[in-house]
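Here's a quick briefing to read alongside the coordinates. Have a look at the fold first, then work through the notes below.

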Amino acid sequence: MLAEPLSPALQKLRLDDGRPVEWAVSSGYVDYAAAEAFMEARVAAIAASEAAEMVWLLEHPPLYTAGVSAKDEDLLDAGRFPVHRTGRGGQFTYHGPGQRVAYVMLDLNRRGRDVRCFVRGLELWLIGALDRFGVQADVRPGRVGVWVERKGPGWSREDKIAAIGVKVRKWVSFHGISLNVEPDLDHFGGIVPCGIQEHGVTSLVDLGVLATMDEADAALHASFGRVFGAAVAVDPPFASATKG
């Protein structure tokens, strides 16, 4: 399925002129508030045709974010990590070391003006990246994000490996996706991730795929190109903190 051409409905996610998206990768850990401020400014500039589209890959220090649908009772340990209230869609999620966050600032005025189609594109982007590691992933009705099915003798369960939470302003997207490469899965225990209690969380390394962050980035870059079109490397927005 992943090798097949995109459906006509999804073809509108690609620009007719083939103009590449800027693809920035930050080293170290990026402060969440600083990242959000940058996105706000960049989205305004894209909407005004003063800046190019951008995908920004980074890691945050450990923190929880609450989307517009977050329920207070789903924050199980409010003192564990900083909590950031944000305007993206969705509920509570965790960001931290070993998780690749990609902030996606695309001009949907030029990509079909269809939020449902855009979210489907994000799902296919993640599914395609995971497929490059031999991980079969998919979406589930009524659940946000990308999931894998795990089985053993006499048991099976579904775990979430990637999250999606976006916001659109003047038809420009921001916030985006997160892919669990090698985060500390215990850190998810301070929240009910995305409001879903009956399923777990996993990562590439937890699945036995010993991928580095660079390898995950390469897979994301290749899969992005298939869904949204070309992306060219640029310097990250600002210097980030050194990992400690």
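**Helices, salt bridges and cores**

Helix 2 buries Tyr32, Ala35, Glu36, Phe38, Met39, Arg42, Val43, Ala45 and Ile46. Keep in mind that this is a predicted model. The salt-bridge count comes to 15, and the largest nonpolar core has 42 residues.

**Helix 2**

- Helix 2 covers residues 32-47, and its length checks out: 16 residues at 1.5 Å each should span 22 Å, and the end C-alpha atoms sit 22 Å apart.
- Just past helix 2, serine 49 has a positive phi of about 60°.

**Helix 4**

- For helix 4, the 16 residues should again span 22 Å at 1.5 Å a residue, and the end C-alpha atoms are 21 Å apart, which agrees.
- Its buried residues are Met213, Ala216, Asp217, Ala219, Leu220, Ser223, Phe224, Val227 and Phe228.
- Looking down the axis of helix 4, those buried residues fall within an arc of 165°, so they line one face of the helix.
- As background, an α-helix has 3.6 residues a turn, so residues three or four places apart point the same way.
- What do the buried residues of helix 4 pack against? Their partners are strand 1, strand 2, strand 6, helix 3, strand 10 and strand 12 (231-234).
- Just after helix 4 comes glycine 229, with a positive phi of about 110°.

**Salt bridges**

- Lysine 12 and aspartate 114 pair through their side chains at 3.0 Å, N to O. Lysine 12 is in the loop between helix 1 (8-11) and strand 1 (21-29), while aspartate 114 is in the loop between strand 6 (99-105) and helix 3 (115-131), so the bridge ties together parts 102 residues apart in sequence.
- Both ends of that pair are partly exposed: lysine 12 has a relative accessible area of 32%, and aspartate 114 has 27%.
- Glutamate 22 and arginine 42 form a salt bridge at 2.8 Å, N to O. Glutamate 22 belongs to strand 1 and arginine 42 to helix 2, so this pair ties together parts 20 residues apart in sequence.
- Arginine 100 and aspartate 217 meet at 2.7 Å, N to O. This bridge links distant parts of the chain, with arginine 100 in strand 6 and aspartate 217 in helix 4 (residues 213-228), 117 residues apart.
- Arginine 100 counts as buried at 3% relative accessibility, and aspartate 217 is buried too, at 8%.
- Arg150, Arg157, Asp159 and Asp206 are joined in a salt-bridge network.

**Nonpolar cores**

- Within the largest nonpolar core, the residues touching the most other members are Val55, Phe118, Leu122, Trp125, Leu220, Phe224 and Phe228.
- At least two residues of this core come from each of strand 1, strand 2 (54-59), strand 6, helix 3, strand 8 (143-152), strand 9 (155-169), strand 10 (172-180) and helix 4.
- Helix 3 supplies the largest share, 9 residues.
- Setting aside neighbours within four places in sequence, leucine 122 contacts Val104, Ile164, Val166, Ile177 and Phe228.
- There's also a second, separate core of 17 residues, including Tyr32, Ile46, Leu58 and Met105.

Technical notes:
Residues are numbered from 1 along each chain as its sequence is written. This is a predicted model: local features need pLDDT of at least 70, side-chain atom pairs count only at pLDDT 80 or more; totals for chains, interfaces and linings use all residues. Side-chain values use heavy atoms; hydrogens and water are left out. Helices (H or I, at least four residues) and strands (E, at least two) are DSSP runs, numbered from the N terminus. The expected span of a helix is 1.5 Å times one less than its number of residues. Buried means under 20% relative accessible area, exposed over 50%, partly exposed in between (1.4 Å probe, protein chains only). A salt bridge is a side-chain nitrogen of Lys or Arg within 4 Å of a carboxyl oxygen of Asp or Glu. A nonpolar core is a set of buried Ala, Val, Leu, Ile, Met, Phe, Trp, Tyr and Cys residues joined through side-chain atoms within 4.5 Å. Contact means heavy atoms within 4.5 Å. The arc is that of the directions from the helix axis to the C-beta atoms.
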